[in-house]
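Please open the structure in your viewer and keep a selection tool at hand. The stops below follow one after another.

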There are 2 protein chains.
Amino acid sequence: MKGYLQNQVERCECRCIHQERVDTAKDHALPEKENERLAALFKAMGDPNRLRILWALYREEMCVCDLAQFIGVTESAVSHQLRQLRQLFLVSNRRKGPILYYRLNDNHVSALIHLALEHLREDP
Amino acid sequence: MKGYLQNQVERCECRCIHQERVDTAKDHALPEKENERLAALFKAMGDPNRLRILWALYREEMCVCDLAQFIGVTESAVSHQLRQLRQLFLVSNRRKGPILYYRLNDNHVSALIHLALEHLREDP
DNA sequence: TTCGAATTTGAGTATGTGTTCATATGTACG
DNA sequence: CGTACATATGAACACATACTCAAATTCGAA
């Protein structure tokens with residue numbers, strides 16, 4: 001009886017193989033908040049329609065109607081997506097009368113896309 | 001009556017402002033399939049735990065148990081995530097006995113992460 | 001071959017996400 | 001002012017996703 005319990009404890013104590021790797025991984029891990037923001041950035045770029053928007057804005061600024069017709073969804077849908085992209089500082093806009101012209105916020109976005117394309121084009 | 005219908009038609013014919021921008025956007029758009037794969041790649045990197053895994057593997061290879069303890073989830077959860085990363089060629093593994101050691105597949109991944117970090121660190 | 005350990009797989013589930021519709025804002029112009 | 005148009009917002013819904021648990025698989029060694 002006692003032996004059985006002891007074995008239970010011993011078996012469950014540590015299932016991982018290389019404790020020192022786990023420790024150094026924890027030491028060098030990104031700060032919690034930075035990791036969250038980084039993930040949010042990639043996730044924002046990880047939707048086909050948002051990616052289409054970003055790719056289009058890389059060439060020239062466009063308004064909501066244009067983008068809606070371009071990707072074939074409601075203007076409302078585009079507006080929702082643009083809000084996300086704005087909150088992450090991926091795009092910004094300028095107002096001309098009632099029309100909002102959206103553009104890429106900096107060149108990091110397009111750099112990320114081009115780098116990712118390289119990755120894709122190397123594998124089959 | 002006729003006038004009303006005509007106005008309806010005219011109003012609904014084209015709601016977009018700059019048809020020529022829409023057209024050039026369509027001309028220069030990424031091929032459908034490439035856009036999908038690109039989005040899938042970013043989406044894969046857009047999850048906090050997957051990002052933790054990638055960041056950890058950037059330093060050194062680790063096995064499933066290690067990663068599970070590192071990020072504090074089930075080994076099963078890690079295995080599910082690693083499968084996604086494998087299918088997108090972000091990670092690969094080598095077997096040593098019963099243990100699978102995972103590593104980053106190429107240096108594009110870490111380059112993407114570092115580039116994205118730059119973007120984050122420039123904005124507030 | 002049989003056992004134990006590392007990993008994978010599948011089912012189930014709770015939570016997120018992207019879209020549309022209806023409605024509200026805000027801007028220019030008569 | 002009030003009308004028209006571009007955009008934004010909120011609710012609702014269908015669908016995806018990330019986790020855990022239980023069971024299957026795979027490998028090395030007794």
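Which residues does B:Leu67 touch, not counting residues up to four places away in sequence? Select B:Leu67 in this predicted model and show its surroundings: the contacts are B:Ile53, B:Ala56, B:Met62 and B:Val78.

Now widen the selection to the largest nonpolar core, a set of 60 residues. A:Leu67 and B:Leu67 are the residues with the most contacts inside this core.

**Helix H3 of chain B**

Next, select residues 32-45 of chain B, which form helix H3. The helix has 14 residues, and the distance from its first C-alpha to its last is 20 Å, close to the 20 Å expected at 1.5 Å a residue. Colour its buried residues: B:Leu38, B:Ala39, B:Leu41, B:Phe42, B:Lys43, B:Ala44 and B:Met45. Note that B:Lys43 is listed among the buried residues of H3(B).

To see what covers these buried residues, bring in both chains. From chain A, the cover includes helix H3 (32-45), helix H4 (48-59) and helix H7 (108-122). From chain B, the cover includes helix H4 (48-59), H6 and helix H7 (108-122).

**Between the chains**

Select the contact between the two chains, to which chain A gives 48 residues and chain B gives 48 residues. On the side of chain A that touches chain B, helix H2 (19-28), H3, H4, strand S1 (62-63), helix H5 (64-71) and H7 each supply at least two residues. H3(A) has the largest share of that side, with ten residues. Coloured by class, the side of chain A that touches chain B shows 27 nonpolar, seven polar and 14 charged residues.

The same surface serves both copies, as 100% of the contact residues of chain A recur in chain B.

**At DNA strand C**

For the last stop, select the 25 residues around DNA strand C. Those that come nearest are A:Thr74, A:Ala77, B:Cys63, B:Val64 and B:Ser79. Chain A brings helix H6 (75-87) to this surface, and chain B brings helix H5 (64-71), helix H6 (75-87) and strand S3 (99-104), each of these elements giving two or more residues. Which element gives the most to the surface near DNA strand C? It is H6(B), with six residues. By class, the surface near DNA strand C holds eleven nonpolar, nine polar and five charged residues.

How values were computed: Residues are numbered from 1 along each chain as its sequence is written. Chains are lettered from A and ligands numbered from 1 in the order in which they are written. This is a predicted model: local features need pLDDT of at least 70, side-chain atom pairs count only at pLDDT 80 or more; totals for chains, interfaces and linings use all residues. Two residues are in contact if their C-beta atoms, placed from the backbone, lie within 7 Å. A residue is near a molecule or strand if its C-beta atom, placed from the backbone, lies within 6 Å of it. Helices (H or I, at least four residues) and strands (E, at least two) are DSSP runs, numbered from the N terminus. Ala, Val, Leu, Ile, Met, Phe, Trp, Tyr, Cys and Pro count as nonpolar, Asp, Glu, Lys and Arg as charged, and the others, Gly among them, as polar. A nonpolar core is a set of buried Ala, Val, Leu, Ile, Met, Phe, Trp, Tyr and Cys residues joined through C-beta atoms within 7 Å. A residue is buried if 20 or more other C-beta atoms lie within 10 Å of its own, exposed if 12 or fewer, and partly exposed in between; C-beta atoms are placed from the backbone. The expected span of a helix is 1.5 Å times one less than its number of residues.
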